[in-house]
Amino acid sequence: MSNRRPERRLAPSLLSADFGDLGSAIRAAEAGGAGAFHLDVMDGHFVPNISFGPALVEGVRRRTRLPLDVHLMISEPARYAPVFRKAGGDTLVFHLEATEDPRGTIEAIRATGAGVGAAVRPETPYARLEPLAGELDQVLIMSVHPGFSGQRFLPEALPKLATARRQLDEMGSAADLSIDGGITTETAPDASAAGATFFVCGNSTFVGGDVGANLRRLRESVEVGAARAVH
Ligand code: DX5
Ligand code: ZN
């Protein structure tokens, strides 16, 4: 195992929280051991749903010191990178499918001072991301079709995670390997065993039960998978 591989972290997605009481959701997730917050930005164009923009990111920024991981499910990610950085995003993750110029987008995000992540939808092969991986702080594998929380995990993501894990380890990369969509106590062990380090969890954190208890169970299931990892 590469000794530069980051620790495994849980990143609750605030899309599944009560927007009428985000402050409480943030506090509960922090107390429950969240390692970051994941913010799903949707523009109704790249994906068939609209969520929120930089104003909400800025509001969350004022409530927490945890890293803010901004998942840009939008067209023209390079154009909007500066406003999401200014709003407080620590890492800005763009979709490869949203741009014809991924290197230019990486540069545009890097120029803002944010960490750079790139994401692939379930139907996009990892091979498209592979040539860029060395320039990234985060590789994000989608395990649902982007647009909505609460969907079922697509197991096709697992071999992609394993391929990405191998590549990042071979390069000695310290990038996070993120899995996003349908992460629950059932699916987290497999994703963890395949080498994910950053677990986005929306409904499994905020819908039903107690946030602290939900995160504790998710953490346990991530550790179960980590113990099973082959490398
Ligand atoms: C889907 C988003 C995900 C989603 C996660 O488009 O990118 O981050 O909100 O929610 P769950 O964990 O409920 O699938
Ligand atoms: Zn997301």
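These notebook entries record what I looked up in a predicted model.

**Entry 1: the zinc site**

I began with the zinc ion (ligand 2) and noted that H38 (NE2), D40 (OD), H71 (ND1) and D180 (OD) coordinate it at 2.0 to 2.3 Å. Along the chain, I found these donors in the spacing H-x1-D-x30-H-x108-D. I then placed two of them: D40 belongs to strand β2 (residues 37-42) and H71 to strand β3 (residues 68-73), and this pair, 31 residues apart, links distant parts of the chain. I checked D40 and H71 for burial, and both are buried.

Next I asked which arrangement the donor atoms around the zinc ion (ligand 2) form. The arrangement is octahedral, because the six donor atoms subtend angles of 72 to 173°.

**Entry 2: strand β3**

From H71 I turned to its strand. I counted six of the six residues of β3 as buried, so the strand is largely enclosed by the rest of the structure. I looked at the direction of its side chains: L68, V70 and L72 point one way, whereas D69, H71 and M73 point the other way.

I also looked up how β3 pairs with β2, and the two strands run in the parallel sense over six bridges. As one position in this pairing, I recorded V70 of β3 as the bridge partner of L39.

I moved on to the loop between β3 and α3 (77-86), where E76 lies. I noted that E76 has a positive phi of about 55°, although it is not a glycine. Is E76 buried or partly exposed? I found a relative accessible area of 44% for E76, so it is partly exposed.

**Entry 3: helix α8**

At the start of α8, I saw a side-chain oxygen of D210 come to within 3.2 Å of the backbone nitrogen of G212.

I listed the buried residues of α8, among them V211, N214, L215 and L218. I then asked which elements the buried residues of α8 pack against. They pack against β1 (9-12), α1 (22-31), α6 (188-193), β8 (198-201) and α7 (203-206).

**Entry 4: S204 in helix α7**

I located S204 in helix α7. Its side chain reaches the backbone oxygen of I183 at 2.7 Å. Leaving aside neighbours within four places in sequence, I recorded contacts of S204 with I183, T184, N214 and L218.

**Entry 5: A29 in helix α1**

I found A29 in helix α1. A29 counts as buried, because its relative accessibility is 0%. With residues up to four places away in sequence not counted, I noted that A29 touches P12, A34, F37, F206, V211 and L215. I also recorded that A29 and A11 are 18 residues apart in sequence and 9.1 Å apart in space, C-alpha to C-alpha.

I ended with A17, in the loop between β1 and α1. A17 has a relative accessibility of 11% and so counts as buried, since the limit is under 20%. Apart from neighbours within four places in sequence, I found A17 in contact with L22, A25 and F206. I noted that A17 and G202, 185 residues apart in sequence, are 7.7 Å apart in space from C-alpha to C-alpha.

How values were computed
Residues numbered from 1 in each chain as written. Chains lettered and ligands numbered in written order. Predicted model: local features only at pLDDT ≥ 70, side-chain atom pairs only at ≥ 80, totals over all residues. Heavy atoms only, no water. Donors = N, O, S within 2.8 Å, 3.2 Å for Na, K, Ca; no water. Tetrahedral: all angles 85-135°; square planar, octahedral: opposite > 155°, others 65-115°. Helix = DSSP H or I, 4+ residues; strand = E, 2+ residues; numbered from the N terminus. Buried < 20%, exposed > 50% of the residue type's maximum accessible area, 1.4 Å probe, protein only. Contact = heavy atoms within 4.5 Å. Polar contact = N/O pair within 3.5 Å; in protein donor to acceptor, adjacent residues only side chain to side chain. Pairing = 2+ DSSP bridges.
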